[in-house]
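Have a look at the sequence and the 3D picture before reading on.

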Amino acid sequence: MDFCDAAVVRLAEIFPQAKVITTDSAHFTIYRRFGNKPLALIHPMSG
């Protein structure tokens, strides 16, 4: 995880109702907030 991704994950912890808008769904589907909760994402469908 790079610094920018870590900052987004930390912001998701601070603002739990917020959703992360990303085109990098490969990484953000793996990241967890508070150690075990997935991030709420808005991303384009891959495939």
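What follows covers the overall fold, a cavity and a surface patch.

## Before we start

This is a predicted model, where local features need pLDDT of at least 70 and side-chain atom pairs count only at pLDDT 80 or more, while totals for chains, interfaces and linings use all residues. Residues are numbered from 1 along each chain as its sequence is written, and side-chain values use heavy atoms, leaving out hydrogens and water.

## The overall fold

The protein chain has two helices and four strands (DSSP runs of H or I with at least four residues, and of E with at least two, numbered from the N terminus). Starting at the N terminus, the order is α-β-α-β-β-β. The C-alpha trace spans about 30 × 25 × 15 Å along its principal axes.

Of the 47 residues in the chain, 23% are buried (under 20% relative accessible area; exposed is over 50%, partly exposed in between, with a 1.4 Å probe and protein chains only).

## A cavity inside

Rolling a probe the size of a water molecule over the atoms shows where empty space is left. The search of the whole structure turns up one cavity of 30 Å³ or more, and the largest cavity has a volume of about 40 Å³. A cavity is a set of points on a 1 Å grid over the protein atoms alone where a 1.4 Å probe fits but cannot get out, and lining residues have an atom within 4 Å of a point. Volume here is the space filled by probe spheres set on the points, which are joined across faces, edges and corners.

Which residues line the largest cavity? They are Ala12, Phe15, Pro16, Ala18, Val20, Arg33, Leu39 and Ala40. That lining splits into seven nonpolar, no polar and one charged (nonpolar: Ala, Val, Leu, Ile, Met, Phe, Trp, Tyr, Cys and Pro; charged: Asp, Glu, Lys and Arg; polar: the others, Gly among them).

## A patch outside

Leu11 sits in helix H1, residues 3-14, and counts as partly exposed because its relative accessibility is 45%. Together with Ile14 and Phe15, Leu11 forms a nonpolar surface patch with about 300 Å² of accessible area (Shrake-Rupley method, 1.4 Å probe, only the protein chains shown counting as cover). Patch residues have over 30% relative accessible area and no salt bridge, with nonpolar side chains (Val, Leu, Ile, Met, Phe, Trp, Tyr) joined within 5 Å and like charges within 9 Å. A salt bridge is a side-chain nitrogen of Lys or Arg within 4 Å of a carboxyl oxygen of Asp or Glu.

Terms used
On a 1 Å grid over the protein atoms alone, a cavity is a set of points where a 1.4 Å probe fits but cannot get out, and a pocket is an open set with protein on both sides within 12 Å along at least five of seven lines; lining residues have an atom within 4 Å of a point.
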